[in-house]
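Subject: Structure handover

Hello,

Here is the structure we spoke about handing over. Please have it open while you read the notes that come after it.

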Amino acid sequence: MATTITSTDLDFDTIKTRLKDYLKRQNEFADYDFEASGLSNILDVLAYNTHFNGLITNFALNESFLNTAQLRSSIISHAEALGYVPRSYASSLAKLAVSITITDATRPSLISLPRNTQFATSIDNVSYTFQTRETYTAAPDASGTYVFKTSEGSTDIPVYEGTEKTKTFFVGDVSDSQIYVIPDLTMDTSTIRVRVFDDAGGSTFDTYTNIKSATRITPTSTFYQIKEVPNGYYEIIFGDGITTGKVPQAGNKIIVDYLSTKGPEANGASIFSTTAQVNGVNVINTTSSASAGGSYREGIESIRQNAPLYFTSQRRMVTAEDYKAQILTNFGSYVDDVASWGGADNEPPVYGRVYVSLKFKSDVDDATQLDVKSRIISELTNNFAVASINTVFIDPQTTYLELSTTFNFDPDLTSSTPGATENLIQTNINTYFANNLQKFGSVFRRSNLLTVIDDINQAILNTRMAVKVQQRLTPSVGISKNYNVNFPVPLAATDDLFKIITSSRFTFNSKECTIENRLNSNTLQIVNTGGTIEVDNIGSYDANLGKITLVGFAPTDFAGDQIKFSATPANQSTIRPLRATVIDIDPAASKASAVLDYQETQVSLGSSSY
């Protein structure tokens, strides 16, 4: 395997010095003065040649492996060998309920909404055009209203952002080895329509579809393949007439139309308008789901991660990892991450199921999330999964961490103020979470984060960090119910000095209250802000299971959307999530505090006392 090296390992001066040392050991040059000699110039050339050849060889060797390659063209080549096609730009997709009304008694029995019917919207004063990619039909109801439907009978008509472009090719002789490359970096490959006409002026054609949807291929099957070429464009590849389907003949005309898109810039649009008419009547539309799913082409690190996963799945969904690979490949513009596990690994075990949890991108609304889950079932599991295995979706659970960071600070070692350093540390903590956590399976290790903090500034002498885990609950207001709050890790045992469980404030008995455990007990109480106990036993917590049980809890109001329950974990050094759990930070409950260290006495800063 190639290993990345630094240029200092092949330093010019080092190489030249070694060459001199070698020559000096020869009898002919035992007393030779190399400086300012003609031979010194020759050694310069040899050292330069060795230096650059070594670097070039190392770079070339690095590009020979998927996990060390740096050039996109190299990574694309390795991914192609694994059968993986990186995602192109993806058009933002919205769904609209589209209709017209004709009150004329002689109205037609069936009307069509044409392909490429356009709808306009704007985001931050930037206009975008969405359009249909198919023709949809509608029949009138008793009042003369035509509601357009998809072939599956849904009234949600998909519209895609982008500008339709067309590329025409003429098929030459077989000996020409012709290639069909579309020179557009912003093409959405999922919107491609490929038509092959019998001749240049013909009207009859075959429509080719992506081979990814093929379940059986014959010599007459009309499929195409698509791949990214080294310059970033996309090449259309047709069959060979034997194993990969029908091949266009010499003289055929190929017309490829597609959408050139702006990717994620059009996500989040919810208001659409149109000037389109059908049968001379204005089209009416309402939004079923806001636009989402637009994305730029897949980055090289994503390709590096997903290509091996896709290869191991082999276009089938048998293991839990197969589900993850196929979903990331086909729906990566909607989801940031996927977790999957078999029913045998579930708690409690449920055989005959695969559990899938999807972490959607932040701009994907609830309606689109439901649609994506439905498409996963219809497009993937129904085609590639074992028939007797059911797919069950589990909503991801976010566990928030509350970090109290204390650091000794020597102001004599920096020009930065304690307050500025506190803010800098908190910013670095937030960045650390964004880069290393917030995904399924990511483990929080306190020592790693403390190392990052200590390296920020030499004035930070040492750092301590107290960690709490936080789960959130949305209770029914004014209704007495039982609730369970589950943490992904065991909690600390009871203590006679500190409360293990505390909650954010809520209203109960017309007073602001919190829930906390009794000292040295796992019994939970409702306590008002004055310290008076309102309910002596509202439930308990199980430290080993990491579970809070509330019995007959009936708050009358609470701040924000949820009540936060904070707990001290049994192990503050490592927080390891399970299955569908994602770790994030609660910035509002986390803070960094400095302690001045340039005098013998420690000084209190702000609201923190030491």
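This is a predicted model: local features need pLDDT of at least 70, side-chain atom pairs count only at pLDDT 80 or more; totals for chains, interfaces and linings use all residues.

Helix packing

Helix α1 covers residues 12-24 and helix α2 covers residues 38-62; their axes come within 9 Å and cross at roughly 130 degrees. An angle of that size makes α1 oblique to α2. The crossing of α1 past α2 is right-handed. On the α1 side, the contact is made by Phe12, Ile15, Lys16, Leu19, Lys20 and Leu23. On the α2 side, the contributors are Leu39, Ser40, Leu43, Asp44, Leu46, Ala47, Tyr48, Thr50 and His51. Sorted by class, the contact of α1 with α2 holds nine nonpolar, three polar and three charged residues.

The next pair is α5 (residues 320-331) and α6 (residues 366-384), whose axes come within 11 Å and cross at roughly 115 degrees. The two helices are therefore roughly perpendicular to each other. Here too the crossing is described as right-handed, with α5 passing α6. From α5, the residues in the contact are Tyr323, Gln326, Ile327, Asn330 and Phe331. They meet Val372, Arg375, Ile376, Glu379, Leu380 and Thr381 of α6. The class count for the contact of α5 with α6 is six nonpolar, three polar and two charged residues.

The last pair is α7 (residues 418-436) with α8 (residues 446-454), packed at an angle of about 140 degrees with their axes 10 Å apart. That angle is why α7 and α8 are oblique to each other. The crossing of α7 past α8 is right-handed. Ile425, Ile429, Tyr432 and Phe433 of α7 make the contact with Asn448, Leu449, Val452 and Ile453 of α8. Seven of the residues in the contact of α7 with α8 are nonpolar, one is polar and none is charged.

How many cavities of 30 Å³ or more does a search of the whole structure find? There is one. The volume of the largest cavity is about 30 Å³. Its lining consists of Ile76, Glu80, Tyr84, Val85, Pro86, Lys227 and Glu228. Helix α3 (72-81) and strand β12 (223-228) each supply at least two residues of the lining of this cavity. By class, the lining of the largest cavity has four nonpolar, no polar and three charged residues.

Backbone geometry

Two places call for a look at the backbone. As background, most residues other than glycine have a negative phi, and most peptide bonds are trans.

Pro348 sits in the loop between β18 (335-342) and β19 (353-360).

The other place is Asn116, which is not a glycine but has a positive phi of about 70 degrees. Asn116 is found in the loop between β2 (111-113) and β3 (118-123).

A residue in strand β34

Asp584 is part of strand β34, which spans residues 581-585. Which residues does Asp584 contact, leaving aside its neighbours within four places in sequence? They are Thr398, Thr399, Tyr400, Leu401, Phe433 and Gln438. Of these, Phe433 has already come up as one of the α7 residues in the contact with α8. Asp584 and Asn436 are 148 residues apart in sequence, yet their C-alpha atoms are 10.0 Å apart in space.

Regards

Key. Residues are numbered from 1 along each chain as its sequence is written. Side-chain values use heavy atoms; hydrogens and water are left out. Axes are lines fitted to C-alpha atoms, for helices over the stretch in contact, and angles run from 0 to 180 degrees between N-to-C directions. Helices (H or I, at least four residues) and strands (E, at least two) are DSSP runs, numbered from the N terminus. Angles under 35 degrees count as roughly parallel, over 145 as roughly antiparallel, 65 to 115 as roughly perpendicular and the rest as oblique. A crossing is left-handed if the near helix is turned anticlockwise from the far one by less than a right angle, and right-handed if clockwise. Contact means heavy atoms within 4.5 Å. Ala, Val, Leu, Ile, Met, Phe, Trp, Tyr, Cys and Pro count as nonpolar, Asp, Glu, Lys and Arg as charged, and the others, Gly among them, as polar. On a 1 Å grid over the protein atoms alone, a cavity is a set of points where a 1.4 Å probe fits but cannot get out, and a pocket is an open set with protein on both sides within 12 Å along at least five of seven lines; lining residues have an atom within 4 Å of a point. Grid points are joined across faces, edges and corners, and a volume is the space filled by probe spheres set on the points.
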